[in-house]
Amino acid sequence: MKIINVNLDQLLYTEPVKATYDHDEEESGFFKKLFKKKDEEPEIPFFNQRVEEFGKDDICEDLADGYDAFIVKGAPFETMVVVSRCYLILPGKEIFPLYTVSRFAIKNEHYGNRPYEQYALDRFNEPYDPNYVSEYENEEGFELARFNILLQITDKNGLLYEYVFPMEVADRKEFRAVLNSRLEEIGARDFSDEDVMIGEFPVEE
């Protein structure tokens with residue numbers, strides 16, 4: 001499902017970073033504190049680092065120039081994917097600079113990572129229903145996963161990045177077209193599989 005108006009504060013929300021309070025350390029006295037390793041600082045979430053790296057104001061300015069946002073209807077906000085002029089944004093997970101891309105591919109997840117395959121085929125034409133109860137035990141966890149696609153991005157240094165997120169079959173061709181329109185100026189090449197565009201799974205990989 002295409003989203004027209006995205007809450008940017010929610011899209012770029014970063015987790016507050018707080019120092020952990022160690023009661024045992026407080027009770028241990030002066031000497032333990034004195035010799036405590038200075039590198040024991042709270043870990044900053046990766047998404048926070050990305051927002052800081054690119055600058056929240058600059059990202060918002062880029063989004064103001066236009067974006068395309070996709071989400072499975074009824075799915076949680078954090079499963080959304082947003083493509084702006086300069087960035088691919090996965091809320092709470094990643095902000096990837098599109099100007100570094102040399103090639104990309106939209107595929108199905110690797111064979112061993114998609115136990116939902118038969119479930120996805122059985123419910124192919126059915127919309128996402130978080131309350132759906134399968135006749136088979138433990139299949140409810142596949143309800144959102146059945147929409148999963150794998151986005152592979154190779155940057156100009158030859159590094160490969162992989163991101164998995166759900167996307168309705170009806171949106172996949174448009175998502176691919178959006179990526180191509182953003183990346184054509186820098187000559188990034190598209191190696192997407194045609195099977196995933198129509199919700200099919202190849203017999204062999």
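Which residue of β4 does V83 stand opposite? V83 faces L88 in that strand. The model is a predicted one, in which local features need pLDDT of at least 70 and side-chain atom pairs count only at pLDDT 80 or more, while totals for chains, interfaces and linings use all residues. Residues are numbered from 1 along each chain as its sequence is written, and side-chain values rest on heavy atoms, with hydrogens and water left out.

**Sheets and helices**

Helices (H or I, at least four residues) and strands (E, at least two) are DSSP runs, numbered from the N terminus. Two strands are paired if DSSP finds at least two bridges between them.

Contact here means heavy atoms within 4.5 Å.

A second open sheet has four strands in the order β8-β7-β6-β9, with mixed pairing. Here β8 (160-166) and β9 (189-190) stand at the edges with a single partner strand each, so one side of each lacks a neighbour in the sheet. Strands β7 and β8 run antiparallel and are joined by seven bridges. Q152 stands opposite E162 in β8. Helix α8 also lies across β6 (101-107), β7, β8 and β9, running at about 175° to β6.

**Aromatic rings**

The whole structure holds nine aromatic pairs. Rings of Phe, Tyr and Trp (its six-membered ring) pair if their centres lie within 6.5 Å; planes under 30 degrees apart count as stacked, over 60 as edge-to-face and the rest as tilted. Two of the pairs are tabulated.

| Pair | Type | Centre to centre | Angle between planes |
|---|---|---|---|
| F70 and F175 | edge-to-face | 5.8 Å | 80° |
| Y128 and F147 | edge-to-face | 6.5 Å | 80° |

F70 is in strand β2 (residues 67-70) and F175 in helix α8 (residues 169-183), 105 residues apart, so that the pair links distant parts of the chain. F70 is buried at 1% relative accessibility, and F175 is buried at 0%. Buried means under 20% relative accessible area, exposed over 50%, and partly exposed in between (1.4 Å probe, protein chains only).

Y128 lies in the loop between α6 (117-122) and α7 (142-145), and F147 in the loop between α7 and β7 (148-155), 19 residues apart. Y128 is buried at 16%, as is F147 at 9%. Elsewhere, ring pairs link F54, Y87 and Y99 into a cluster.

**Charges over rings**

The charged end of R103 sits over the ring of F191, 3.9 Å from its centre. R123 lies over the face of Y132, 3.6 Å from the ring centre. The criterion is NZ of Lys or CZ of Arg within 6 Å of the ring centre and within 35 degrees of the ring normal.

**Cysteines**

There are zero disulfides in the structure, a disulfide being a pair of cysteine sulfur atoms within 2.5 Å. C60 is partly exposed at 26% relative accessibility, whereas C86 is buried at 16%.

Notes. Axes are lines fitted to C-alpha atoms, for helices over the stretch in contact, and angles run from 0 to 180 degrees between N-to-C directions.
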